[in-house]
Amino acid sequence: MHTAPPPAPTSAGPSPTRPVDEAALEESLATPSPALVADLAGLDGDLLVLGAGGKMGPSLCRLARRALDAAGRTDLAVIAVSRWSDPRAAAALADDGVRTVPFDLMEGDPAELPDAGNVVFMVGAKFGSANDPTTAWAVNAALPDRIARRYRDARIAAFSTGNVYPLVSVLDAGSTEGDPTGPVGEYAMSCLGRERVFAHHARRAGTPLSLIRLNYAVDLRYGVLADIASAVHSGAPVSLATGHVNVVWQGYANEVALRSLTRAAAEPFTVNVTGPETASVRRLAHRFAAEFGTTAHLEGEESGTGLLSDATLCHAEFGYPSVPLATLVAWQAGWLRDGLPLSGKPTKFDVRDGRF
């Protein structure tokens with residue numbers, strides 16, 4: 001792992017302790033920092049989260065609700081929109097003070113959605129896009145047009161992905177926001193389409209917009225670290241085809257997305273969101289093997305390129321992640337040792353041809 005520069009002031013308070021179960025993990029993910037509380041205190045209008053039923057949505061909604069409450073903004077609602085195929089997830093959010101709205105964004109009329117002064121767009125289609133590219137384009141590029149028109153007078157933070165960049169040399173610090181995009185595959189191209197559509201409406205209507213180019217969030221139940229640790233723990237081989245990765249604590253990624261609403265502008269505020277390290281997959285595998293008292297079985301050799309992002313702007317604007325990589329590795333190992341649940345949804349971080 002590359003040595004990082006001296007840390008910027010962290011955006012969070014005291015470092016959290018290792019989550020010992022799912023309830024503790026959710027608590028950690030939903031604990032707002034003082035900086036987030038301060039930023040959300042000035043929001044004008046309710047907060048609407050579209051695609052709130054995904055992997056990151058519930059924790060973002062809880063985080064927002066708690067931050068607004070801590071800021072004394074109980075007058076603002078957090079509204080979570082999803083199809084809610086799992087009604088238990090919706091019920092749990094409602095218990096935490098989040099208003100849930102069942103709605104099929106692809107089939108329904110956006111005019112029927114609640115009004116809001118702030119929108120977080122988390123909808124996306126990735127896996128299966130290689131075999132069904134039309135759906136990826138419909139979800140990732142066509143839907144944003146309808147949402148941008150519906151919420152032209154709101155502030156919008158739209159999740160994107162580091163996949164909009166090309167593979168770059170592992171000897172560099174990664175792609176910056178000012179570097180040329182170069183998406184590989186239908187998924188990545190459709191995500192760049194999402195950005196372009198939102199940006200078109202922002203410039204045309206003056207809608208304040210932020211674009212969150214996220215590169216591998218980690219939430220113990222899923223993520224690159226879970227993929228590598230699970231393979232090492234079970235004795236399965238770890239592919240080195242993609243030998244270097246970026247990861248970041250999910251709580252930090254959600255916090256940056258929410259705080260980015262206050263930086264949104266008609267000339268879109270675009271920010272890479274990931275950790276400060278370029279992490280070696282080989283070294284991560286060996287570290288997990290040491291945690292488990294076993295041997296890492298490595299397969300292949302590292303390529304000289306990877307999907308890597310330089311998040312210097314993010315860290316300067318929002319501080320460094322409150323949970324550093326070494327801590328995430330220890331937490332992930334403990335999670336598996338304790339037999340705690342995984343999502344069963346691999347990231348496919350080692351895919352290099354854009355076919356997901």
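Me: What volume does the largest cavity have in this structure?
Reply: First off, this is a predicted model. In the model, the largest cavity has a volume of about 140 Å³.

Me: And what makes that space a cavity, rather than a pocket?
Reply: It's called a cavity because a 1.4 Å probe fits inside but cannot get out, whereas a pocket is an open set.

Me: Which residues line the largest cavity, and which of them lie nearest its centre?
Reply: Its lining has 14 residues, and nearest the centre lie Asn163, Leu167, Leu307, Val351 and Arg352. By class, that lining divides into nine nonpolar, four polar and one charged residues.

Me: How do you know which residues line the second largest cavity?
Reply: A lining residue needs an atom within 4 Å of a cavity point. Here the lining residues are Ala148, Ile156, Phe198, His201, Ala202, Thr207 and Leu209. Helix H6 (residues 185-205) gives the most, with three residues.

Me: What joins S1 to S2?
Reply: Four bridges again: strand S1 (residues 47-50) runs parallel to S2. Leu48 stands opposite Ile79 in S2.

Me: Why is the unit of S2, helix H4 and S3 called right-handed?
Reply: With the strands pointing away from the viewer, a right-handed path from the first strand over the helix to the second runs clockwise. S2, H4 (residues 87-95) and S3 make a right-handed β-α-β unit, so that is how their path runs.

Me: What is the order of the strands in the open sheet?
Reply: The seven strands go S3-S2-S1-S4-S5-S7-S12, with parallel pairing.

Me: What makes S3 and S12 edge strands?
Reply: S3 and strand S12 (269-273) each pair on one side only.

Notes:
Residues are numbered from 1 along each chain as its sequence is written. This is a predicted model: local features need pLDDT of at least 70, side-chain atom pairs count only at pLDDT 80 or more; totals for chains, interfaces and linings use all residues. Side-chain values use heavy atoms; hydrogens and water are left out. Helices (H or I, at least four residues) and strands (E, at least two) are DSSP runs, numbered from the N terminus. On a 1 Å grid over the protein atoms alone, a cavity is a set of points where a 1.4 Å probe fits but cannot get out, and a pocket is an open set with protein on both sides within 12 Å along at least five of seven lines; lining residues have an atom within 4 Å of a point. Grid points are joined across faces, edges and corners, and a volume is the space filled by probe spheres set on the points. Ala, Val, Leu, Ile, Met, Phe, Trp, Tyr, Cys and Pro count as nonpolar, Asp, Glu, Lys and Arg as charged, and the others, Gly among them, as polar. Two strands pair if DSSP finds at least two bridges between them.
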